[in-house]
Amino acid sequence: MAGRGAWPLWGAALVLVYTIASRRGLALSLCAPVLTVTAYLLSSVADGEGGRWSTHLLVTVLTASLWVAGRSVRLRRAYQAELRDRDRRMERAREADTRAARAEERSRIARELHDVVAHHVSVMTVQAAAARRVLASDPDGAREALSAIEQLGRTAMSEMRSIVGVLRTDATPAERGPQPGVREIPALVDQMREAGLRTQLWIEGERETLSPGVDLAAYRLVQEALTNSLRHAGPRARAWVTVRHEPDALAVQVSDDGLGPGAGDADREVTGHGLAGIRERVALYGGLLRIGPRPGGGFEVDARFPLKDA
């Protein structure tokens, strides 16, 4: 292999060393240069050319260089394959995050639409029934009820446009009004009084600056609880709303006496969509929630939102 006629075979051996180093694992690729150099040295000794150390060094360096070049190519291929695989994993992760974000947004919009529609439609139904009953005997009262229905309808449409506006890519900021919060609870209580639910409100403690999410969640909780009282507690029922600003929490309690005719505690649903939405809102902000019948009769929704920035 060391003679002049063996150089083509030597060239083929070097190509084999490079090919194995660039395509096989480390253990197998190391065997190729070791066997090649060993075969070359044995062939040189057999041909009587063992003393040509400069040639031996050149062959060894050339073999090692080709092996290093082959290994570099293999490592670069592996690195590029890893980059491509990582890109695919990241793309799948982005798609999964996008799907999760869309599902969460759909759930949020569904909760908002349910709260808005259920509340306003329930109040409008009560007002319409009242207007129908007094239409002949008290036209002025009927007109007031119809005016309240009109105002409720406009408010419902405005809130629905605000909620659905986030789905429109061409929506302008002017179409998106501020979401209601704790400051709007007195107006909500007045609205329920006009609908016939005798409601009392207590606001205790100093107003703290609430995060927009907690602010909206507290308002929706009161809205849904009062709507349930209006629908299930009966026309002669009373409701009580307590909003308590504590140093490290916001406590909200809505209860009724359930004294309306046929409005027993057994008729109350504790697993409806509205109450499920309340649970989701409270859990979203790490709050505590209790929903169920009151010991003395009626129904109660009691929530506590921790103020993490306090």
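Of the 310 residues in the chain, 37% are buried, where buried means under 20% relative accessible area, exposed over 50% and partly exposed in between, with a 1.4 Å probe and protein chains only. This is a predicted model, in which local features need pLDDT of at least 70 and side-chain atom pairs count only at pLDDT 80 or more, while totals for chains, interfaces and linings use all residues. Residues are numbered from 1 along each chain as its sequence is written, and side-chain values use heavy atoms, with hydrogens and water left out.

The chain exposes about 18100 Å², of which carbon and sulfur atoms supply 58%; accessible areas come from the Shrake-Rupley method with a 1.4 Å probe, and for residues only the protein chains shown count as cover. Seven helices and five strands are present, these being DSSP runs numbered from the N terminus (H or I of at least four residues for helices, E of at least two for strands).

The five strands form an open sheet of mixed pairing in the order E1-E2-E3-E5-E4, two strands being paired if DSSP finds at least two bridges between them. Strands E1 and E4 stand at the edges with a single partner strand each, so one side of each is left without a neighbour in the sheet. E4 and E5 pair in the antiparallel sense over six bridges, and Ile291 stands opposite Val301 in E5.

| Helix | Residues | Strands met | Direction |

H6 is mostly covered, 17 of its 21 residues being buried. At 1.5 Å a residue, H6 should span 30 Å, and its end C-alpha atoms are 30 Å apart, which agrees; the expected span is 1.5 Å times one less than the number of residues. Gly234, whose phi is positive, near 100°, follows H6.

Leu197 is placed in the loop between H5 and E1 and, at 1% relative accessibility, counts as buried. Not counting residues up to four places away in sequence, Leu197 touches Met192, Leu226, Ser229, Leu230, Ala237 and Ala239. The C-alpha atoms of Leu197 and Leu230 are separated by 6.1 Å, although these residues lie 33 residues apart along the chain.

Note on methods. Contact means heavy atoms within 4.5 Å.
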